[in-house]
Amino acid sequence: MSGLDRIREAARRDKEARFNNLMHHITVDLLRESYKKIKPNAAAGEDNVTWKQYGEKLEENLLDLHERVQSGRYRATPSKRVWIPKADGSKRPIGIQCQEDKIVQQAVVEVLNQIYEEDFLGFSYGFRPGRGQHDALDAVTVGITQRKISWVLDADIRKFFDTVDHEWLRKFVEHRIADKRILRLIRKWLKAGIIEDGQRTEQTMGTAQGSVISPLLANIYLHYTFDLWANQWREIQASGETIMVRYADDISLGFQYKSEAEKFLKVLQERLRKFGLELHKEKTRLIEFGRFARENRASRGLGKPETFDFLGFTHICAKPRKGNYFIIRRKTIKKRLRNKIAEVKEELKKRMHDPIPEQGKWVKSVVEGHFNYFAVPNNNKAIDTFRTEVIKIWRNALRRRSHKARKLNWSRIERLINTWVPTKSVRHPYPSQRLRVTYPR
């Protein structure tokens with residue numbers, strides 16, 4: 001049994017244990033494995049050292065890094081802030097770290113995961129080993145379709161990553177971690193601050209999105225502020241059926257009774273406020289949704305059930321073309337689809353004069369990536385729209401390359417499409433099939 005396995009076994013055996021001797025697990029071998037897990041094409045941090053450049057003298061660099069980490073001489077570098085557009089038109093701040101911070105953080109995550117994977121609850125899906133967004137999406141769909149769920153609370157925590165309270169986070173981490181050197185590392189990363197336009201700003205709250213350690217710290221914070229509390233509320237307070245699914249700070253909850261959903265929403269707001277968090281008023285909604293929603297609303301003279309968005313998909317109460325039973329139809333959020341098409345158009349303008357094979361490889365990677373996420377059952381129209389629009393944009397870009405290129409006939413373009421543009425196909429099983437395989441009961 002390896003050292004990491006022993007940590008996990010100890011965490012499983014004693015849920016109250018505090019671990020005070022973790023630092024010696026940060027070895028050169030673990031730092032090397034951590035380096036390999038970093039994306040090679042990720043942007044460089046404030047020191048402008050790329051993944052490839054750091055790897056040119058990898059063993060020498062890792063030995064020096066290991067010595068500094070173990071002796072306490074390692075210093076965290078401020079993250080370089082960049083802004084990326086969001087689907088709603090606003091921008092999200094991302095912190096880009098230097099290579100050494102990424103490596104050490106990845107190593108610490110590997111160690112701490114052995115403990116927290118034994119603590120985190122089953123309805124937490126975000127940024128956890130062996131779990132992903134589609135697992136969370138499946139859990140929502142299966143929960144609503146197979147339980148007596150008639151109301152859905154779509155909860156969004158306002159600016160969660162920016163408002164994490166450092167003092168509360170420290171207390172939460174110390175529930176399980178007593179190793180002062182590990183705690184000192186986490187404190188260094190939280191206090192490192194950000195650099196934007198050459199100006200360094202210290203952080204008194206929040207954890208930078210984009211950092212390697214941030215998702216784990218976010219899960220720890222929400223494990224204590226939301227998960228444990230919400231699970232206890234469900235077991236003690238709820239009389240009807242409930243479902244809970246959390247992916248990072250995106251939370252989807254289902255209730256059998258409206259009164260219990262309203263009661264939960266009220267106490268949830270109070271609970272979050274205690275830890276410096278608040279729900280986004282415009283994005284948090286309680287809607288009637290589920291297999292009984294259509295009939296119940298019709299009996300009251302109301303229209304179709306409202307829809308809700310979760311992890312890139314709009315969820316709709318529906319029935320299959322053949323059959324009279326309830327299903328949830330998931331389709332790509334319209335705004336996200338429009339923004340992605342506009343992004344492709346803008347990028348192909350920049351690549352207009354690149355060699356056609358290079359353009360083709362890029363188009364193929366974009367369409368494949370989109371299909372790999374959004375090509376779920378019953379989303380055929382949206383993924384077909386995306387493919388069709390990408391083909392139109394590429395065709396127009398090819399014809400604008402030169403006067404001669406305008407004469408590109410359809411048969412030539414069709415050959416390019418057949419070569420480079422993937423055909424539409426469903427890439428994911430039905431939610432109940434995958435959930436049954438992934439989480440056998």
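These legends go with close-up views of strands in a predicted model.

**View 1. Strand S10, a covered strand.** Here we look at S10, which spans residues 313–318 and is mostly covered, with six of its six residues buried. Follow the side chains along the strand: Phe313, His315 and Cys317 point one way, while Thr314, Ile316 and Ala318 point the other way. Whichever way they point, all of these residues are buried.

View 2. Strand S9 covers residues 308–310 and pairs with S10 in the antiparallel sense, over three bridges.

**View 3. S10 meets S11.** Strand S11 takes in residues 327–332 and is joined to S10 by six bridges, with the two running antiparallel. A handy landmark is Ala318, whose bridge partner in S11 is Ile327.

**View 4. An open sheet of four strands.** Reading across this sheet, the order is S2-S1-S4-S5, and the pairing is mixed. At the edges you'll find S2 (91–96) and S5 (199–201), each of which pairs on one side only. Going from one strand to the next, the twist averages 40°.

**View 5. S1 alongside S4.** Zooming in on the sheet, S1 (residues 79–85) and S4 (residues 194–196) run parallel and are joined by two bridges. Look for Ser79, which has Ile194 as its bridge partner in S4.

Note on methods:
Residues numbered from 1 in each chain as written. Predicted model: local features only at pLDDT ≥ 70, side-chain atom pairs only at ≥ 80, totals over all residues. Heavy atoms only, no water. Buried < 20%, exposed > 50% of the residue type's maximum accessible area, 1.4 Å probe, protein only. Pairing = 2+ DSSP bridges. Axes fitted to C-alpha atoms, helices over the stretch in contact; angles between N-to-C directions.
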